[in-house]
Amino acid sequence: MKSGRPHTRLHVILARDARKAVVIRRGPSKCVCTMEWDRDTDQFTMGQWMRGMIRERFSDLSPDGKHFIYSAYRPQSRKAEELTVISVAPYLKAIGLWAGNAFIDGKLIGFSTGGGGVFVSNTAYAMHRIYFFGPPYEEFQPIDLREVEDSYSPYHTGDIGGLGSYPIRLQWGGWTRGDATEEDRHHRLTFSRDIGCNWVLEKIVHVNWRPGSPRSKGSIYETHRLIHRATRVIHDRPLWEWADLDRDRLVWAEGGSLWAGRVTPYEVADVRLLHDFNGMRFKAIRAPY
């Protein structure tokens, strides 16, 4: 990576029942933007920028790809906010908004854990909001969507709190969760899925809290590897920040770009660049609603 170049990080949320996805692009550290990915045409449409951070693994896309629920941290001049937002994908402007942790002039006026949530269906969502004290100082509900009881939070499933709803989202998306020791399940979780031609894609989600953990990776990061069932050959992919199966192709994020390839009995072939997200700069964009 060139010296002085901001590190671009990508995370992708695939719609479960539609050929849509939201790409969450972070970099530099205090800026984030979203883009829509049409997985049929591989066209990318700009959403919006935000000065702050989105917690990708506390976020979700509705099965039809129309709505986006996300957990955000947004620092401002006088106050800092922890927000749960529902928007029209791929934009960030709220049609539903709940405030969790809120600081005004350094004074904490509300406190919640996690934020964000998951879509149970196209019209129903479950939020992660557990208030320890104080009511949310701002709240409004989205139209035509209803909230259901949150039984998908890590606080109910016994998962790592820092992973939010990610384990549930992965399993709903076709991943199989691996067994873990009591020690491992508090620091990393392993998931796998069959990608064809006798290959298995393995995803290890790390919570980067231990002393000696790679600070450049962020508080949560993923590593991947390809495992051949018959030969047990293992190909580590340490630079893949995100990866998944998209019908009959493998897609992954690496070096601030999104890539695709075809799995063969011997390798990943026909690798091609789908989109390079490097070099993007903050720009104020209005949502069309």
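**Figure 1. The second largest pocket of the predicted model.** This pocket has a volume of about 330 Å³. The model is predicted. Lining the pocket are 19 residues. Met 50, Tyr 70, Arg 74, Leu 92 and Lys 93 lie nearest the pocket's centre. By class, the lining holds 13 nonpolar residues, five charged residues and one polar residue.

Figure 2. The chain has 23 strands and two helices. Of its 289 residues, 50% are buried. Consider the contacts between residues at least 6 apart in sequence: 46% of these join residues at least 24 apart.

**Figure 3. The salt bridge between Arg 19 and Asp 246.** The whole structure contains 18 salt bridges. In this one, the side chains of Arg 19 and Asp 246 meet at 2.6 Å, N to O. Arg 19 sits in the loop between strand E1 (9-14) and strand E2 (20-26), while Asp 246 belongs to strand E20 (residues 242-246), so the bridge ties together parts that are 227 residues apart in sequence. Arg 19 is buried, with a relative accessible area of 16%. Asp 246 is buried too, at 1%. Side chains of opposite charge can pair when their charged atoms come close.

**Figure 4. The salt bridge between Arg 247 and Asp 40.** Here the closest N and O atoms are 3.9 Å apart. The pair links distant parts of the chain, 207 residues apart. Arg 247 lies in the loop between E20 and strand E21 (249-254). Asp 40 lies in the loop between strand E3 (31-38) and E4.

Figure 5. The side chains of Arg 57 and Glu 222 meet at 3.2 Å, N to O. Arg 57 is part of strand E5 (residues 53-61) and Glu 222 is part of strand E18 (residues 220-228), so this bridge ties together parts that are 165 residues apart in sequence. Arg 57 counts as buried at 8% relative accessibility. Glu 222 is buried, with a relative accessible area of 3%. Salt bridges that share partners also join a set of residues into one network: Arg 19, Arg 39, Asp 40, Asp 42, Asp 246, Arg 247, Arg 249 and Arg 272.

Figure 6. The largest nonpolar core has 39 residues. Which of them touch the most other members? They are Trp 37, Trp 242, Leu 250 and Leu 258. Leaving aside neighbours within four places in sequence, Leu 250 is in contact with residues including Ile 195, Leu 201, Leu 226 and Trp 240. Asp 244, Trp 259, Ala 260, Gly 261, Val 263 and Val 268 are also among its contacts. A second, separate core has 18 residues, including Ile 13, Met 50, Phe 68 and Leu 83. Met 50 is also one of the residues that lie nearest the centre of the second largest pocket. In soluble globular proteins, nonpolar side chains tend to be buried together.

**Figure 7. The surroundings of Asp 194.** Asp 194 lies in strand E16 (residues 188-196). Asp 194 is partly exposed, with a relative accessible area of 43%. Leaving aside neighbours within four places in sequence, Asp 194 is in contact with Trp 199, Arg 229 and Leu 245. Asp 194 and Ile 227 are 33 residues apart along the chain, and their C-alpha atoms are separated by 9.7 Å.

**Figure 8. Backbone details in two loops.** Most residues other than glycine have a negative phi, and most peptide bonds are trans. The peptide bond from Ala 89 to Pro 90 is cis, with omega near 5°. Pro 90 is placed in the loop between E7 and E8. Arg 232 has a positive phi of about 65°, although Arg 232 is not a glycine. This arginine is found in the loop between E18 and strand E19 (234-237). Arg 232 counts as exposed, at 54% relative accessibility.

Key:
Residues are numbered from 1 along each chain as its sequence is written. This is a predicted model: local features need pLDDT of at least 70, side-chain atom pairs count only at pLDDT 80 or more; totals for chains, interfaces and linings use all residues. Side-chain values use heavy atoms; hydrogens and water are left out. On a 1 Å grid over the protein atoms alone, a cavity is a set of points where a 1.4 Å probe fits but cannot get out, and a pocket is an open set with protein on both sides within 12 Å along at least five of seven lines; lining residues have an atom within 4 Å of a point. Grid points are joined across faces, edges and corners, and a volume is the space filled by probe spheres set on the points. Ala, Val, Leu, Ile, Met, Phe, Trp, Tyr, Cys and Pro count as nonpolar, Asp, Glu, Lys and Arg as charged, and the others, Gly among them, as polar. A salt bridge is a side-chain nitrogen of Lys or Arg within 4 Å of a carboxyl oxygen of Asp or Glu. Helices (H or I, at least four residues) and strands (E, at least two) are DSSP runs, numbered from the N terminus. Buried means under 20% relative accessible area, exposed over 50%, partly exposed in between (1.4 Å probe, protein chains only). A nonpolar core is a set of buried Ala, Val, Leu, Ile, Met, Phe, Trp, Tyr and Cys residues joined through side-chain atoms within 4.5 Å. Contact means heavy atoms within 4.5 Å.
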